[in-house]
Amino acid sequence: MRDRPVLTASQINDELLWPVFELRRRHVLAFLPPFILVMAGAVAVTILIWQGLWVTGLNRPAFWGFFIVNFVFWIGVSHAGTMISSILRLTQAEWKRPITRAAEVMTVFALVTSLIHPVIHAGRPWRIVYWLLPYDFTRGVWPDVRSPLVWDPVAITTYLTGSILFVFTALIPDFAIIRDQSTGMRRTIYGALAMGWRGTPRQWQLQGIFGILMSALILPVFVSVHSIVSWDFAASVVPAWHVTVYAPYFVIGAVHSGVSMVLTLMAFMRWIFKLENFIWEDHFDAVGRLLIFIATAWLFFFFLDFAFSFYTREEQEIAVMERRLLEWPFNAITIIMVMTSYVIPIPLWLNRKVRRNIALMFWTSILVNIGMWLERFFLIIPAIERKQELTFLWANYVPSLTESVIVLASFGMVAMLLIIFAKLVPLVPAWEQKEGQVFRSEVQIGEVTVPAIVRESEEPRAW
Amino acid sequence: MQTSHNGHEAPGPPATQDELTQELIHDARETGPRMRRALWILAAIATLGVVAALLMMLGGLDDHTRWKYYAVGYFYVFSLVMGIPMAGIGLRFARAQWRRPTSRAAELFALAGPVMLVFFIPIMAAHPGLEGRNSLWMDWRLAPWFPDLLMLTTFVGIGLIFLYVSVLPDLAAIRDHGSGRSRGIAASLAYGWVGTAQQWAMHKSGLGILGAMYIAAYATTHMVFATDYAMVLTPGWKDPIFPAFHAVTGLQMGLGLFIVVQFALRKWGGLARYFELEQFWAYGRLLLALTLFWFYFFWSGFILFWYGRLPHEQQVLALLAFGDPAVENLLARPQLWMFVGAIGLSFITAFLLIMWNPVRRSILGPAVVGVIIVIGNFFDRLRIYVNTWSIEQVGGHELHHIPTNIGYPGILEILVFAGMLSGVALMILLASRVVPFVSLWETREALLLRVVRPFGVGHAHIVAKPD
């Protein structure tokens with residue numbers, strides 16, 4: 001096991017805050033590729049709005065394509081922040097400290113990115129307002145509040161608001177650190193953001209209580225958001241969509257892709273910002289173990305969905321499954337999805353040496369995200385391409401170059417926003433690191449010194 | 001003993017290694033006359049239960065509706081007890097230090113497996129078969145009997161092997177320090193365990209692998225039971241979330257019962273030192289999470305049926321929740337009352353109590369909620385199994401008639417139910433005569449890994465993390 005570095009408060013400040021005060025070449029180099037992708041995406045969106053939806057591969061009856069797949073994928077990724085911060089905070093998992101902020105911030109940026117997709121998908125984005133506001137007062141046409149398409153924006157904006165609050169509150173002590181080390185305009189801005197933080201016992205107490213409260217409050221929102229997104233599909237009568245398992249299946253898939261994305265992000269943070277003293281092999285090991293559990297739960301729900309599609313032997317449902325399993329390109333997509341989401345990474349992650357190998361963890365996390373993106377495609381597209389009770393046509397969906405560029409740009413957008421954020425605030429919370437240093441300890445067992453942590457307790461505990 | 005601010009007695013000084021050996025190997029192994037009497041009574045009731053099951057089989061297997069209360073009793077007890085070892089397994093995976101004094105009591109419930117296996121045979125024989133019905137088994141002629149029996153046998157086998165591996169170090173300790181008959185039994189079971197580094201490494205790996213296998217077997221057994229013994233019998237019911245609901249509710253009621261068992265062991269078993277506020281508080285949090293899961297899994301299925309308004313799904317909702325809509329008098333709809341009892345106790349009442357930290361952070365609070373959940377889930381299994389096993393025409397794609405005459409259990413069904421519960425209790429109490437309810441090796445390890453040191457103006461607990 002690697003020796004855990006002991007750092008003083010000023011060393012922590014120096015190592016974590018340099019991106020805020022300096023602009024180094026690697027920061028700029030990391031910024032450029034996603035920026036180029038975002039620019040390409042902006043051009044593609046402009047073409048789409050200018051020319052209309054014919055530049056996409058959407059058709060009748062395949063009205064939902066890459067944009068909706070990508071929307072669902074990014075909503076899924078956004079679950080990482082809550083999973084890491086909220087659940088691990090409530091369970092007092094000590095290893096969460098260096099990754100909470102990056103995960104929370106990724107939640108916010110993933111949510112923002114996902115929200116853009118339905119707007120682009122509308123073709124004429126200004127018309128999205130008709131989903132939410134009365135279409136025409138004089139005609140008495142109102143949004144259908146019973147429609148899952150109206151539940152979506154409500155759930156997602158609630159989650160976004162909660163996530164921003166979650167991030168912002170945890171940022172306040174770090175804003176104060178930057179304020180105290182700055183001068184001029186920067187000091188004024190960070191001073192305003194720090195809202196008078198002095199680190200008094202009462203302020204720390206309130207901060208702690210707020211963190212616990214938000215962790216508990218945001219959990220139902222976290223579960224409901226992706227459940228509601230799943231009901232966009234499941235509440236319809238489309239064969240292979242109208243499945244009761246969709247809600248938990250979507251949620252666990254979201255957690256799988258989100259936590260894998262955190263793994264990717266951890267490796268990037270370590271490489272770009274030189275955070276070796278904060279993000280250790282132990283952290284990759286811990287996330288790897290968590291992912292074994294999450295991926296296996298995902299497999300269970302995948303199996304339930306799969307097995308029950310043959311349960312009633314209904315013709316239409318069998319047809320969709322045949323398309324998913326036997327017809328090109330979905331047969332290839334299915335194989336790649338299962339291989340990359342479970343079959344390849346899990347046996348690797350079961351090995352402790354692999355879990356502590358950062359490069360391998362990075363590449364396996366990329367594999368999982370490829371698999372989970374394909375899973376969204378696998379679930380959404382084949383079901384609507386064929387004739388069913390309410391449609392009279394069938395057609396294949398072939399995504400266009402415009403759509404593909406916009407999908408790639410969405411990845412660039414999240415990466416670019418994260419890199420910009422890292423220029424403004426440390427991606428590893430400095431105050432949590434300092435707290436971690438206070439709580440770290442060691443216990444002598446025989447001849448071995450074992451790392452230990454201090455547990456706060458109001459009452460004496462027997463065990 | 002001091003009394004702390006929340007009214008429970010604060011724990012005494014931490015036990016020493018010698019005290020643990022004394023308490024867990026010597027004191028708790030004594031079998032007094034009351035214990036002997038209890039064991040005989042339980043054995044008698046369990047035997048009566050087996051006899052009652054045999055009499056029911058002699059009464060005929062052709063009419064599956066006769067077996068509805070047997071099915072309720074069986075799947076209720078199965079769900080109640082077979083999930084409890086997961087409390088030990090799951091928390092060991094999560095490396096929760098506080099679970100150490102409680103894991104053995106949870107793992108001992110794996111001994112319920114053989115009892116469940118014995119009582120499974122009649123209900124398996126009474127199953128009307130899958131011909132002409134929806135099925136997961138693709139018209140396999142041996143299904144559901146052979147795969148289900150194989151699944152349950154594997155599940156029970158894994159549980160027993162897991163328990164054996166878990167108790168192995170304690171058996172060796174009893175062999176070396178114990179006395180009387182338990183020492184002889186322990187010596188014959190402990191083989192050559194002497195606690196070498198290699199043995200401990202294999203022990204750790206074994207517990208990990210067997211624990212993972214137990215979790216997988218738990219999920220798959222619930223899946224096939226929920227499908228083959230409830231869903232298949234109901235025309236038009238296709239509900240992939242239901243097996244997961246069945247498994248999660250099993251965990252919730254299992255944890256509820258386990259907290260009650262801990263309360264009993266603390267109050268009457270002389271083990272107050274091990275089942276402390278810390279354990280009740282932590283298990284209370286888990287119970288809160290599982291109670292929320294109960295609702296989430298229920299709601300995920302319910303909303304699609306309710307919202308989708310497909311005729312065959314409305315019939316399933318009537319069967320499992322609202323009763324026959326043609327019956328205007330709500331009091332005359334048994335399904336509605338079972339549903340209200342299930343959701344009212346398993347979720348609403350339980351959640352409204354356990355959501356409060358003062359309730360969780362007490363000894364009595366989680367135990368009371370545990371009792372409520374155990375009762376509430378009885379209503380849940382009642383609504384699922386009594387209704388599905390009351391359907392006479394189990395073929396077709398849609399349920400045309402909601403059964404209203406569900407009747408009451410007879411004396412034989414009551415005896416079977418009591419026999420199953422007694423059999424489980426008997427197995428666990430018999431085992432506790434040999435191995436302690438509290439794991440000696442895990443608590444000794446806990447003493448090594450935990451230190452109390454001054455911290456600021458008070459004291460802090462330092463927990464070592466060797467991995």
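Two strands pair if DSSP finds at least two bridges between them. Keep that in mind for the first view of this predicted model.

**View 1. A strand from chain A meets a strand from chain B.** Here strand β2 of chain A, residues 448–455, is joined to β2(B) by 4 bridges. The two strands run antiparallel. For a spot to look at, find Arg455(A): standing opposite is His461(B), a residue of β2(B).

**View 2. Where chain B touches chain A.** Step back to the whole contact, and you'll find 39 residues from chain B and 34 residues from chain A taking part. On the chain B side, the elements that give two or more residues are α10 (241–268), α11, α17 (440–449), β1 (450–455) and β2 (458–464). Which of them gives the most? That's α11(B), with 8 residues. Sorted by class, this side of chain B has 26 nonpolar, 6 polar and 7 charged residues.

**View 3. Helices α11 and α12 of chain B cross.** Now stay within chain B and follow α11, residues 277–308, and α12, residues 311–322. Their axes come within 8 Å and cross at roughly 130 degrees. As for its hand, the crossing is left-handed.

**View 4. The residues between α11(B) and α12(B).** Zooming in, α11(B) brings Phe305(B), Trp306(B) and Gly308(B) to the meeting, while α12(B) brings Glu313(B), Val316(B) and Leu317(B). Together these residues divide into 4 nonpolar, 1 polar and 1 charged.

How values were computed:
Residues numbered from 1 in each chain as written. Chains lettered and ligands numbered in written order. Predicted model: local features only at pLDDT ≥ 70, side-chain atom pairs only at ≥ 80, totals over all residues. Axes fitted to C-alpha atoms, helices over the stretch in contact; angles between N-to-C directions. Left-handed = near helix turned anticlockwise from the far one by under 90°. Contact = placed C-beta atoms within 7 Å. Nonpolar A, V, L, I, M, F, W, Y, C, P; charged D, E, K, R; others polar.
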